Amino acid sequence: AVVTHGWVVDGEGRKMSKSLGNGILPSEVVNQYGADILRLWVASSDYHADIRISKEILKQLSDAYRKIRNTARYILGNTSDFDPNTDQVALEELLPIDRWALAQLDKKIRAGYDSFEFHQVFHAIHNFCVVDMSNFYLDVIKDRLYVEKTDGKERRAAQTAMYIILDQMTRMIAPILAYTA
């Protein structure tokens with residue numbers, strides 16, 4: 001398969017050139033933000049039209065990246081005492097909200113990869129982390145994580161869902177955020 005794309009232009013939509021002084025070297029981006037932010041910029045760009053890059057765009061992507069990374073960190077922190085070999089709850093025994101959370105990630109991301117619409121993959125992952133996880137699911141299950149008995153079934157059910165979500169999310173971000181995954 002072949003994917004074609006538009007030009008890379010500055011944030012104003014002007015062609016980039018040395019004489020205008022509006023060029024951004026990939027090495028500068030990697031040195032300031034890391035290679036995953038550069039990879040995220042490429043993946044988040046709708047390549048059907050000219051692709052914009054600027055310090056402001058990179059800053060916004062850095063913030064979006066942090067949301068994805070911090071969602072993963074939160075899940076890691078809350079599954080540190082979870083051993084899937086001994087603590088995992090059967091899927092049919094999960095609470096409805098846990099099953100709901102598990103169902104949210106996969107659909108849009110696979111479709112985006114299959115159609116080479118990587119910007120849709122980025123937006124689906126980011127929205128999953130912000131809307132589905134942080135703004136809803138992870139907020140709702142806090143009491144189960146912090147109040148229930150350490151080995152209680154309701155807490156282990158939430159940990160099971162988070163473990164599966166993080167496993168799936170890691171696999172899905174790996175082509176874009178290789179170092180983070």
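User: On what basis are the values computed?

Analyst: In this predicted model, local features need pLDDT of at least 70 and side-chain atom pairs count only at pLDDT 80 or more, while totals for chains, interfaces and linings use all residues. Residues are numbered from 1 along each chain as its sequence is written, and side-chain values use heavy atoms, with hydrogens and water left out.

User: Which residues have the most contacts inside the largest nonpolar core?

Analyst: In soluble globular proteins, nonpolar side chains tend to be buried together. A nonpolar core is a set of buried Ala, Val, Leu, Ile, Met, Phe, Trp, Tyr and Cys residues joined through side-chain atoms within 4.5 Å; buried means under 20% relative accessible area, exposed over 50%, and partly exposed in between (1.4 Å probe, protein chains only). Here the largest core has 45 residues, and Tyr 137, Ile 165 and Met 169 have the most contacts inside it. Helix 9 gives the most to this core, with 10 residues. Met 169 touches Ile 68, Ala 72, Leu 105, Phe 128 and Cys 129, leaving aside residues up to four places away in sequence (contact: heavy atoms within 4.5 Å).

User: Which residues line the largest cavity?

Analyst: Rolling a probe the size of a water molecule over the atoms shows where empty space is left. On a 1 Å grid over the protein atoms alone, a cavity is a set of points where a 1.4 Å probe fits but cannot get out, and a pocket is an open set with protein on both sides within 12 Å along at least five of seven lines; lining residues have an atom within 4 Å of a point. The largest cavity holds about 40 Å³ of space and is lined by Leu 40, Ile 68, Val 121, Phe 122, Ile 125, Ile 173, Ile 176 and Leu 177.

User: What lines the largest pocket?

Analyst: The largest pocket, with a volume of about 200 Å³, has 13 lining residues; Gln 104, Lys 108, Ala 124, Asn 127 and Asp 132 lie nearest its centre. Helix 7 provides the largest share of this lining, seven residues.

User: How many aromatic pairs are found?

Analyst: Rings of Phe, Tyr and Trp (its six-membered ring) pair if their centres lie within 6.5 Å; planes under 30 degrees apart count as stacked, over 60 as edge-to-face and the rest as tilted. The whole structure has four such pairs. One of them, Phe 82 with Tyr 163, is tilted, at 5.6 Å centre to centre and 50° between the planes. Phe 82 is buried, with a relative accessible area of 8%, whereas Tyr 163 is partly exposed at 34%.

Note on methods
Grid points are joined across faces, edges and corners, and a volume is the space filled by probe spheres set on the points. Helices (H or I, at least four residues) and strands (E, at least two) are DSSP runs, numbered from the N terminus.
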